[in-house]
Amino acid sequence: MPDLEQIADLERRYLLQTYNRYPVAFERGKGVFLYDAGGKKYLDFVSGLGVNALGHAHPRIVKTIREQSARLIHISNLYYHEYQGRLAEKLAALSGLDRVFFSNSGTEAIEGSIKLARLASHRVGGAEKSRLIGLEGSYHGRTFGAMSLTGQDKYRKGFEPLLEEVTFVPRNNLEALRAAVNDQTCAIVLEPIFGEGGILECSVEFLQECRALADRFQAVLIFDEIQCGLGRTGALFAFQTFGVKPDIVAIAKPIAAGLPLGAFLAREEFASAISAGQHGTTFGGGPLACRVALEYLAIVEEEKLLENVARVGAYLHHELQQLVDDYAAAKEVRGRGFIQGIDLEIPTRPIVEQGLAQGVLFNSTQDTVVRFLPPFLLQEQHVDKGIRVLRKFLGRKRRKAA
């Protein structure tokens with residue numbers, strides 16, 4: 001393997017310079033650990049931004065990829081294969097929704113969700129029923145439709161004009177939500193737990209009001225569970241955690257254990273609005289990705305990983321809260337399960353860099369939030385190590401009341 005400087009120099013010469021990478025190149029992984037070319041071991045609290053929920057090199061995933069790649073990798077959606085229907089059936093049964101479309105990524109799943117919502121809304125309210133409601137501080141992806149729904153200027157700046165029919169409301173502001181939704185509303189689109197936005201939850205009351213308003217105005221309620229879904233909250237779907245069921249849910253990240261795969265799931269009432277030729281993909285839902293996704297769901301169930309997420313996630317939350325109690329620089333713990341963040345009074349990128357030197361991979365979002373998206377295999381002793389490293393960088397302790 002070439003050394004880090006050789007790898008970085010080649011990228012500087014030939015890649016679009018869109019990534020501000022950390023100074024490490026990984027060669028392999030095993031379980032909750034990654035290893036660089038020199039053999040140094042790193043505890044992984046990032047899991048490929050939530051993708052590697054089964055950790056690295058899970059033996060059942062490796063076996064499945066080997067077997068299927070030797071048989072059939074890609075055929076396009078011109079033809080049938082045995083795994084796409086089986087995966088759709090499984091996701092429908094687990095979610096209580098009716099139909100599935102497979103994409104290559106979460107962003108594509110959002111784009112497809114918007115298209116389906118527009119078709120369904122035009123069917124009941126004509127072309128005027130096209131307005132979208134998004135949330136301030138949200139993040140949905142980098143393509144134009146997804147970016148139009150993203151309520152953060154830093155992702156939108158320089159790419160305007162975007163979709164003009166989007167109204168943003170503050171998260172958990174019921175009054176603003178009620179004022180924004182009307183007969184021209186096509187869809188309400190939200191993350192139940194903001195990911196890139198800093199691990200911020202929508203309240204159950206707010207989600208219930210979204211549901212009620214969508215029903216009242218015949219709009220589509222779309223949940224973006226690309227980061228918070230498929231087990232991170234301790235339930236397979238985040239909406240099951242909050243008890244509010246959407247009409248469409250977009251998923252991606254861990255579903256194919258590192259292979260590119262996304263999907264949106266929809267109620268029949270809305271799914272029936274689309275017909276052959278109105279949406280499609282070349283790569284989405286291929287035999288390799290779908291077979292691996294079926295194995296992912298089987299592993300989560302058979303290894304009881306949702307129970308582990310709930311148990312170890314509660315321990316992680318307790319230990320992070322202890323940091324808030326102990327250190328002046330620590331403000332608040334947010335999230336649940338294996339999607340959590342600790343908001344600090346200080347910039348977090350230096351902490352990520354220092355953690356790297358200590359052999360622990362943290363993630364920084366929104367400048368002051370350390371975000372935790374660990375593999376579902378994480379145990380309490382791994383949490384302990386991460387907390388010990390964090391403590392080194394949080395500065396002075398709080399004064400205890402006498």
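In what order do the 4 strands of the open sheet stand? The order is 11-12-15-14, and the pairing is antiparallel. Some notes on this and other features follow.

1. Ground rules. This is a predicted model; local features need pLDDT of at least 70, side-chain atom pairs count only at pLDDT 80 or more, and totals for chains, interfaces and linings use all residues. Residues are numbered from 1 along each chain as its sequence is written, and side-chain values use heavy atoms, with hydrogens and water left out.

2. The sheet's edges. Strand 11 (330-336) and strand 14 (363-365) stand at the edges. Each has a single partner strand, so one side of each is left without a neighbour in the sheet. The twist averages 25 degrees from one strand to the next. Strands here are DSSP runs of E, at least two residues long; helices are runs of H or I, at least four; both are numbered from the N terminus. Two strands pair if DSSP finds at least two bridges between them.

3. Pairs inside the sheet. Strand 11 and strand 12 pair over 6 bridges, in the antiparallel sense. Glu332 has Asp343 of strand 12 as its bridge partner. These two strands form a hairpin with 2 residues between them. In the turn, Gly337 has a positive phi of about 55 degrees. Strand 12 (residues 339-344) also pairs with strand 15 (residues 369-372), antiparallel, over 4 bridges. There, Gln340 stands opposite Phe372 in strand 15.

4. A helix on the sheet. Helix 13 (residues 305-326) packs on the sheet and touches strand 11, strand 12 and strand 15. Contact means heavy atoms within 4.5 Å. The direction of helix 13 makes about 170 degrees with that of strand 11. Axes are lines fitted to C-alpha atoms, for helices over the stretch in contact, and angles run from 0 to 180 degrees between N-to-C directions.

5. Leu43. Is Leu43 buried or exposed? Leu43 is buried, with a relative accessible area of 1%. Buried means under 20%, exposed over 50%, and partly exposed in between (1.4 Å probe, protein chains only). Leu43 lies in strand 3 (residues 41-44). Leaving out residues up to four places away in sequence, Leu43 touches residues including Val32, Phe33, Leu361 and His382. The C-alpha atoms of Leu43 and Leu356 are separated by 9.3 Å, though the two residues are 313 residues apart along the chain.

6. The second largest pocket. Its volume is about 410 Å³. A pocket is an open set of points on a 1 Å grid over the protein atoms alone, where a 1.4 Å probe fits, with protein on both sides within 12 Å along at least five of seven lines; lining residues have an atom within 4 Å of a point. There are 13 lining residues, and Val100, Phe101, Ala271, Ile274 and Ser275 lie nearest the centre. Strand 4 (99-103) and strand 10 (262-266) each supply at least two lining residues. The largest share, 3 residues, comes from strand 4.

7. Backbone points to check. The peptide bond from Glu160 to Pro161 is cis, with omega near 5 degrees. Pro161 sits in the loop between helix 7 (153-156) and strand 6 (166-169). Ser76 is not a glycine, yet its phi is positive, near 80 degrees. Ser76 is buried, at 19% relative accessible area. Asn172, also not a glycine, has a positive phi of about 70 degrees. Asn172 is partly exposed, at 29% relative accessibility.

How values were computed: Grid points are joined across faces, edges and corners, and a volume is the space filled by probe spheres set on the points.
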